[in-house]
Amino acid sequence: MQIRGGPTATATATAMAVALLGGLAVAPASQAEPKTPAVAYTPDGKLIYPKDYRSWIYLSSGMDMSYSDAPGAADHHMFDNVFVNREAYEAYQKTGTWPDKTIFVLEARMGQGRGSINKKGVYQADAMGREAHVKDTARFKSGWAFFPLNSDAPAPALAQTSQCNVCHEQHGAVDTTFVQFYPTLLPRAQEMRTLSAAYLADEEKDKATSR
């Protein structure tokens with residue numbers, strides 16, 4: 001059975017359809033939760049654990065890395081995975097340096113050799129620790145701070161004189177960060193000429209030692 005209506009009925013039906021479609025289009029936006037910023041603090045200045053860091057941009061992994069010639073005491077392999085928030089990554093691609101509110105998360109994972117069907121080589125296993133490196137020029141004297149993320153609880157910043165801060169300030173390739181270990185980012189810094197004087201001096205020293 002086909003329902004027929006005159007001009008008034010048709011206009012009313014059309015108006016209702018438009019209103020319904022408009023309501024459907026608006027509803028998801030009004031119900032969407034506000035996006036949590038990558039860098040967020042508690043009222044007393046502790047960094048709120050960024051639970052979604054593994055959905056950020058993955059930069060690189062190192063295995064058994066050490067910045068000292070002293071023999072290590074560990075009897076196992078360790079991987080370091082580095083992630084950075086997407087907004088900072090996109091800004092870096094345009095400028096060759098890091099914007100305010102950049103946050104890196106370094107995730108340390110145990111290296112495991114035998115397991116399942118693996119017979120050779122080493123793969124990543126359980127997480128052993130995490131650390132955040134945050135750029136916040138209004139909050140920190142050097143512009144950057146480190147936060148040990150030993151749990152999901154908010155974490156206080158390390159002192160500005162911490163070994164982490166000093167090492168990064170003395171050797172970081174770009175804005176106190178170790179871009180020299182991120183193969184997808186180093187070429188951009190070279191192109192934009194944003195490599196630090198300290199890093200370039202380290203490179204020259206390394207070349208002289210290798211000759």
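Thr176 sits in the loop between helix 3 and helix 4 (helices, H or I with at least four residues, and strands, E with at least two, are DSSP runs numbered from the N terminus). The model is a predicted one, so local features need pLDDT of at least 70 and side-chain atom pairs count only at pLDDT 80 or more, while totals for chains, interfaces and linings use all residues. Residues are numbered from 1 along each chain as its sequence is written, and side-chain values use heavy atoms, with hydrogens and water left out.

Thr176 is not a glycine, yet it has a positive phi of about 65°. Most residues other than glycine have a negative phi. With a relative accessibility of 19%, Thr176 counts as buried (buried means under 20% relative accessible area, exposed over 50%, and partly exposed in between, with a 1.4 Å probe and protein chains only). Ser116 also has a positive phi, near 50°. Ser116 belongs to the loop between strand 3 (103-112) and strand 4 (123-135), and at 78% relative accessibility it is exposed.

Next come the helices. Two packed helices are described by the angle between their axes and the distance between the axes. For helix 3 (residues 163-171) and helix 5 (residues 197-210), the angle is about 75° and the axes are 6 Å apart (axes are lines fitted to C-alpha atoms, for helices over the stretch in contact, and angles run from 0 to 180 degrees between N-to-C directions). The pair is therefore roughly perpendicular (angles of 65 to 115 degrees get that label, those under 35 count as roughly parallel, those over 145 as roughly antiparallel, and the rest as oblique). On the helix 3 side, Glu169, Gln170 and His171 do the meeting, and their partners in helix 5 are Ala198, Tyr199 and Asp202 (contact means heavy atoms within 4.5 Å).

Then there are the charged pairs. The structure holds eight salt bridges (a salt bridge is a side-chain nitrogen of Lys or Arg within 4 Å of a carboxyl oxygen of Asp or Glu). One of them joins Arg109 to Glu107, at 2.9 Å from N to O, and both of these residues are buried. Another, between Arg188 and Glu191, also has an N to O distance of 2.9 Å. Arg188 and Glu191 are three residues apart in helix 4 (residues 186-192), about one turn of the helix. Arg188 is buried, at 19% relative accessible area, whereas Glu191 is exposed, at 56%.

Glu204 is partly exposed at 46% relative accessibility, and so is Lys207 at 45%. Elsewhere, Asp100, Lys101, Asp136 and Arg139 are linked in a network of salt bridges.

Last is the surface. Met65, Tyr67 and Phe181 make a nonpolar patch of about 310 Å² (patches are made of residues with over 30% relative accessible area and no salt bridge, with like charges joined within 9 Å and nonpolar side chains, Val, Leu, Ile, Met, Phe, Trp and Tyr, within 5 Å). Tyr67 lies in the loop between strand 1 (57-63) and strand 2 (77-84), and Tyr67 is exposed, with a relative accessible area of 55%.

Key. Areas by Shrake-Rupley, 256 points an atom, 1.4 Å probe, with all protein chains shown as cover.
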